[in-house]
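Look over the structure first, then read on.

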Amino acid sequence: MTITKVSSEDQYKQLISAATVSVVLFSAEWAEQCKQISDVMTELAKQAEFKALQFIDVPAEDLSEVSMRHQIDSVPTVLFFRAGTALDRIDGVDVGTLTQKAKKYAGATSVESAGATGDSGANLEERLKALINRSKVMIFMKGDRNTPRCGFSKQLIAIVSDTGVEYDTFDILTDEAVRQGLKTFSNWPTYPQVYVNGELIGGLDIIKELLEGGELKETLSP
């Protein structure tokens, strides 16, 4: 699943009138922050747990009447619709809230509600273990290897890439359950986090220490 780019008001009306929940980004090409939200929505759209949602990108300036109708006075703004009715709204860049609300409307459970719904610890732990072991070297970070979204993640990716070791990444900004759950699971409160063969190596400081000690490539080479 991908984000649907809207080109006309008629197309927009047809999309949001669907019975499924629509996650609608009002954006502008000149606003860099819109790309950040668009990238997160693209990642969410790829994940099975969000398949009940449809993701839509509306050019706010091109469809100015639509924007005025919904009182869009800045971009990015995200609205949630079901059957043409607005359910929720996020003004500005708030990736955590976007992910949480998407989970809510997709019927997924967050970490906070896990105990009440039965999707708890055990299921989340299984999911975390599966992610940690998805690659021999696994990095949990803000953004991905091609688009790091914080300075620490950018530094770490540069260092690890220089070793030539194969690795995979997971963007914690796209999944609040993983973002919060992994801190507890591994007893490591910050990101990025690097795992080798399912075992936590550490964050940027540890990776720098291993690099300075000449041990990094050996540590990352299972």
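**Pockets, helix packing and backbone**

The lining of the largest pocket comprises seven nonpolar, two polar and six charged residues. The model is predicted. The points below take the pockets first, then the helix contact, then the backbone.

**Largest pocket**
- The volume of the largest pocket is about 290 Å³.
- Its lining is made of 15 residues, and the closest to the pocket centre are Ser27, Ala28, Glu29, Asp57 and Pro59.
- Two elements, α2 (32-46) and β3 (53-59), each give two or more residues to this lining.

**Second largest pocket**
- The second largest pocket has a volume of about 200 Å³.
- β7 provides the largest share, four residues.
- By class, the lining of the second largest pocket has one nonpolar, three polar and eight charged residues.

**Helix pair α7 and α9**
- The axes of α7 (residues 151-163) and α9 (residues 204-212) come within 10 Å of each other.
- These axes cross at roughly 30°.
- Angles under 35 degrees count as roughly parallel, and α7 and α9 are therefore roughly parallel to each other.
- Their crossing is left-handed.
- On the α7 side, Phe152, Gln155, Leu156 and Ile159 make the contact.
- On the α9 side, Leu204, Ile207, Lys208 and Leu211 make the contact.
- The contact of α7 with α9 has six nonpolar residues, one polar and one charged.

**Cis peptide bonds**
- Val75 and Pro76 are joined by a cis peptide bond, with omega about 0°.
- Pro76 sits in the loop between α3 (64-69) and β4 (77-82).
- Tyr191 to Pro192 is also a cis peptide bond, and its omega is near 10°.
- Pro192 is in the loop between α8 (176-186) and β8 (193-196).

**Positive phi**
- Ala83 is a residue other than glycine with a positive phi, near 50°.
- Ala83 lies in the loop between β4 and β5 (85-91).

Definitions and conventions. Residues are numbered from 1 along each chain as its sequence is written. This is a predicted model: local features need pLDDT of at least 70, side-chain atom pairs count only at pLDDT 80 or more; totals for chains, interfaces and linings use all residues. Side-chain values use heavy atoms; hydrogens and water are left out. Axes are lines fitted to C-alpha atoms, for helices over the stretch in contact, and angles run from 0 to 180 degrees between N-to-C directions. Angles under 35 degrees count as roughly parallel, over 145 as roughly antiparallel, 65 to 115 as roughly perpendicular and the rest as oblique. A crossing is left-handed if the near helix is turned anticlockwise from the far one by less than a right angle, and right-handed if clockwise. Contact means heavy atoms within 4.5 Å. Ala, Val, Leu, Ile, Met, Phe, Trp, Tyr, Cys and Pro count as nonpolar, Asp, Glu, Lys and Arg as charged, and the others, Gly among them, as polar. On a 1 Å grid over the protein atoms alone, a cavity is a set of points where a 1.4 Å probe fits but cannot get out, and a pocket is an open set with protein on both sides within 12 Å along at least five of seven lines; lining residues have an atom within 4 Å of a point. Grid points are joined across faces, edges and corners, and a volume is the space filled by probe spheres set on the points.
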